[in-house]
Each structure stands twice: as C-alpha cells, then as structure tokens.
Amino acid sequence: QVQLVESGGGLVQAGGSLRLSCAASGRTFSVYGMGWFRQVRGKEREFVARIGWVSGVPYYAEFVKGRFTISRDNTRNTVYLEMNNLKPEDTANYYCAAGLTRNWPGKYNYWGQGTQVTVSS
C-alpha cells in the first residue's frame, strides 16, 4: 500500500500563491506516477496535473497551464503543486493520487485525504 498525506492548503487572496505538498510512504518504489485533482462539493472531481515518478515529465489541465507547476522530489517521496496567480474559481479540495501500475495515468490506485484551498476575491 501507499499512504498519501497532503498539506499546504489554506486561504489566500486572488492573485496569491500556495504550494501544496503530498508526502508518500509505503510501497513508493511501485509508483509509476502521481497526480493532483480537485473537487468542489457537489461537483465532479477534475484533473489538475500529473507527473511521471521516474521521468519527471509533467502534464497539465488546460485551465492551469502557466499558473501551476507540478514537481517531485524522489529523495523525499514528495510531490508538489506550486500554484500562482490563484483565482476564486480555483477554490476546491485538492487531492493527490498515486498510480502503481502501467495503467497510469488512466488509473490511480491510492488517494490522499485532501487539503482545502480557498481563494477570496
């Protein structure tokens, strides 16, 4: 199993920045890739960004390109999401997830509990 713990969420004004962290533990040697998703209560969860665990190659949802940056530190088993120029519509609960099989990024096997990001206008 892989355990994921997110941190770094909070309240920020529009135009501000936050950096989310996702610390992985357990069978991290089995991770193919990691992703960040977000969800607003009452709406479907949406993909934000992902990164290959070994390759480090990132991929972003169109609506965050140029504002968010995903990165990983394999020595710390941690994935980051740097969020700049935040907008009120970025308000959501942000989750990280890990894919442990070659089905990644099509499938994520483990999910964190989430960290709330609130952007005020």
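A disulfide is a pair of cysteine sulfur atoms within 2.5 Å. This predicted model holds one. Local features need pLDDT of at least 70, side-chain atom pairs count only at pLDDT 80 or more, and totals for chains, interfaces and linings use all residues. Residues are numbered from 1 along each chain as its sequence is written, and side-chain values use heavy atoms, leaving out hydrogens and water.

**The disulfide**
- Cys22 and Cys96 form the disulfide, with an S to S distance of 1.9 Å.
- The link of Cys22 and Cys96 is right-handed, with 50 degrees about the S-S bond.
- The pair links distant parts of the chain, 74 residues apart.
- Cys22 sits in strand β3 (residues 18-26) and Cys96 in strand β9 (residues 92-99); strands are DSSP runs of E, at least two residues, numbered from the N terminus.
- Both cysteines are buried, meaning under 20% relative accessible area with a 1.4 Å probe, protein chains only.

**Glu6 and its charge**
- Glu6 belongs to strand β1 (residues 2-7).

**Glu6 and its surroundings**
- A polar atom of the Glu6 side chain lies 2.9 Å from the backbone nitrogen of Cys96.
- The Glu6 side chain also reaches the backbone nitrogen of Gly114, at 2.9 Å.
- Glu6 touches (heavy atoms within 4.5 Å) residues including Cys22, Trp36, Cys96 and Gly114, not counting residues up to four places away in sequence.

Note on methods. Helices (H or I, at least four residues) and strands (E, at least two) are DSSP runs, numbered from the N terminus. A polar contact is a pair of N or O atoms within 3.5 Å; within protein, one must be able to donate a hydrogen and the other to accept it, and residues adjacent in sequence count only if both atoms are side-chain atoms. Buried means under 20% relative accessible area, exposed over 50%, partly exposed in between (1.4 Å probe, protein chains only).
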